[in-house]
Amino acid sequence: MAAKKVPFNVMGKVVVVTGGSGTLGGAICKHLIQQGAHVVVLGYRDESVVKRLKELAPFGTPMGLAVDVTDENQMATVRHKVLEKWGRIDVLINAAGGNLPGATIPPGKSVFDVSIPDLRTVIDLNLMGSVVPSIVLGKTMAEQKQGSIINVSSMAAERTLTRVFGYSMAKAGINMLTKWLSTELAQKYGDGIRVNAIAPGFFIGNQNRALLTNEDGSYTERGQTIIDNTPMDRFGDITELNGIVQFLCSDESSFVTGTIIPVDGGFSSFSGV
Ligand SMILES: NC(=O)c1ccc[n+]([C@@H]2O[C@H](COP(=O)([O-])OP(=O)(O)OC[C@H]3O[C@@H](n4cnc5c(N)ncnc54)[C@H](O)[C@@H]3O)[C@@H](O)[C@H]2O)c1
């Protein structure tokens with residue numbers, strides 16, 4: 001009898017996750033390790049990577065590295081270490097990101113109070129922090145003629161979310177990075193290389209916890225507005241990105257490229273009426 005095919009199989013795939021030490025990236029790492037992938041957990045600070053590796057230890061033995069994703073040389077070191085260990089890179093998940101108070105507009109202030117240096121830093125991290133790994137690790141995929149890049153966009157990319165200025169501009173750039181790179185790589189390196197993005201709705205993480213919830217767990221006014229505009233009437237659970245990410249890692253998504261897939265409980269399709 002023929003062996004039963006495992007759907008969305010990622011067994012043995014080499015998957016590099018930037019922001020793997022963070023909330024969403026960490027959940028994705030755990031899931032992919034449990035599915036048998038070789039996972040590389042990247043994070044900005046040593047301590048956060050070490051902490052994440054400890055949490056993941058019961059499920060497998062990922063590689064962990066502390067790097068600045070906006071730094072080309074540091075990403076080249078990552079490429080070197082991964083190739084030394086596994087000889088290939090199958091998937092890059094760009095889940096590193098973040099915000100700074102000076103790049104957002106607090107209540108009672110306006111865009112004219114924004115910190116230009118903070119704005120630059122946030123755009124650099126949230127846009128170039130995906131561009132640089134995509135170029136450095138994507139080159140290996142081009143040589144292999146095989147690979148899947150998964151960017152992490154946001155609800156802030158398409159429509160205005162008040163206050164979140166720099167981050168929104170950077171995430172809009174992520175959408176174009178996804179479309180542009182998918183075209184470039186398919187046209188010049190063949191149909192084995194795919195570039196897609198997931199666009200999470202609202203998941204409680206380090207970046208937005210204080211903005212969306214009060215200390216007693218109730219929603220802030222902004223948190224409640226988001227819930228009112230989410231047909232499913234709740235925030236996402238971080239495990240709810242796992243399915244789409246595994247699909248995009250797997251060979252079942254072989255004809256899917258250049259897409260930006262919302263995982264948002266209906267937020268982006270709802271008119272508010
Ligand atoms: N949480 C949400 O609701 C939500 C919604 C939409 C999109 N996102 C996006 O998902 C991604 C992950 O979000 P999260 O909630 O897990 O955030 P998080 O703050 O928990 O994690 C961020 C990760 O990025 C890493 N990082 C930050 N600066 C870095 C740098 N210069 N070099 C390398 N790594 C760096 C951190 O080490 C950490 O691992 C981000 O791109 C975020 O914008 C989050």
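User: Leaving aside neighbours within four places in sequence, which residues is Val-17 in contact with?
Analyst: The model is predicted: local features need pLDDT of at least 70, side-chain atom pairs count only at pLDDT 80 or more, and totals for chains, interfaces and linings use all residues. Numbering runs from 1 along each chain as its sequence is written. Two residues are in contact if their C-beta atoms, placed from the backbone, lie within 7 Å. Once neighbours within four places in sequence are left aside, the contacts of Val-17 are Gly-25, Ile-28, Cys-29, Val-39, Val-40, Val-41, Leu-42, Ile-93 and Ala-95.

User: Which residues touch the most other members of the largest nonpolar core?
Analyst: A residue is buried if 20 or more other C-beta atoms, placed from the backbone, lie within 10 Å of its own, exposed if 12 or fewer, and partly exposed in between. A nonpolar core is a set of buried Ala, Val, Leu, Ile, Met, Phe, Trp, Tyr and Cys residues joined through C-beta atoms within 7 Å. The largest such core has 66 residues, and those that touch the most other members are Val-15, Val-16, Val-17, Ile-28, Leu-32, Val-39 and Ile-93.

User: Which element gives the largest share of this core?
Analyst: Helices (H or I, at least four residues) and strands (E, at least two) are DSSP runs, numbered from the N terminus. The largest share of the core is nine residues, and these come from helix 4.

User: How many of the residues of helix 1 are buried?
Analyst: The buried residues are Leu-24, Gly-25, Gly-26, Ala-27, Ile-28, Cys-29, Lys-30, His-31, Leu-32 and Ile-33. They pack against strand 1 (14–18), strand 2 (38–43), helix 2 (46–56), strand 4 (91–94), strand 6 (193–200) and helix 8 (242–249). Helix 1 is therefore largely enclosed by the rest of the structure, its buried count being ten of twelve.

User: Which domains does the domain assignment of the chain give, and how far apart are their C-alpha centres?
Analyst: Domain bounds come from an automatic or database domain assignment. This assignment gives domain 1 (14–201 + 237–262) and domain 2 (205–235). The contact between them takes six residues from domain 1 and four residues from domain 2. The C-alpha centres of domain 1 and domain 2 are separated by 24 Å.

User: Which residues come nearest to the ligand?
Analyst: A residue is near a molecule or strand if its C-beta atom, placed from the backbone, lies within 6 Å of it. Each of domain 1 and domain 2 provides at least three residues of the shell around the ligand, and the largest share, three residues, comes from helix 1. Among the 29 residues around the ligand, the nearest are Gly-19, Gly-22, Leu-24, Gly-97 and Gly-205.

User: How many residues of the shell around the ligand are charged?
Analyst: Ala, Val, Leu, Ile, Met, Phe, Trp, Tyr, Cys and Pro count as nonpolar, Asp, Glu, Lys and Arg as charged, and the others, Gly among them, as polar. The shell has eleven nonpolar residues and 17 polar ones, and the number of charged residues is one.

User: Is Gly-205 buried, partly exposed or exposed?
Analyst: Gly-205 lies in the loop between strand 6 and helix 6 (209–212). Beyond its neighbours within four places in sequence, Gly-205 is in contact with Thr-23 and Leu-24. There are 18 other C-beta atoms within 10 Å of Gly-205, so the residue is partly exposed.

User: What is the phi of Lys-145?
Analyst: Most residues other than glycine have a negative phi. Lys-145 is in the loop between helix 4 and strand 5 and counts as exposed because it has 12 C-beta neighbours inside 10 Å. Its phi is a positive value in a residue other than glycine, near 60°.

User: What is the phi of Asp-233?
Analyst: Asp-233 sits in the loop between helix 7 (221–228) and helix 8. With 9 C-beta neighbours inside 10 Å, Asp-233 counts as exposed. The residue is not a glycine, and its phi is positive, near 65°.

User: What distance separates the C-alpha atoms of Ala-3 and Arg-163?
Analyst: Ala-3 is placed in the segment before strand 1. Ala-3 has 5 other C-beta atoms within 10 Å, so it is exposed. Ala-3 and Arg-163 are 160 residues apart along the chain, and their C-alpha atoms are separated by 54 Å.
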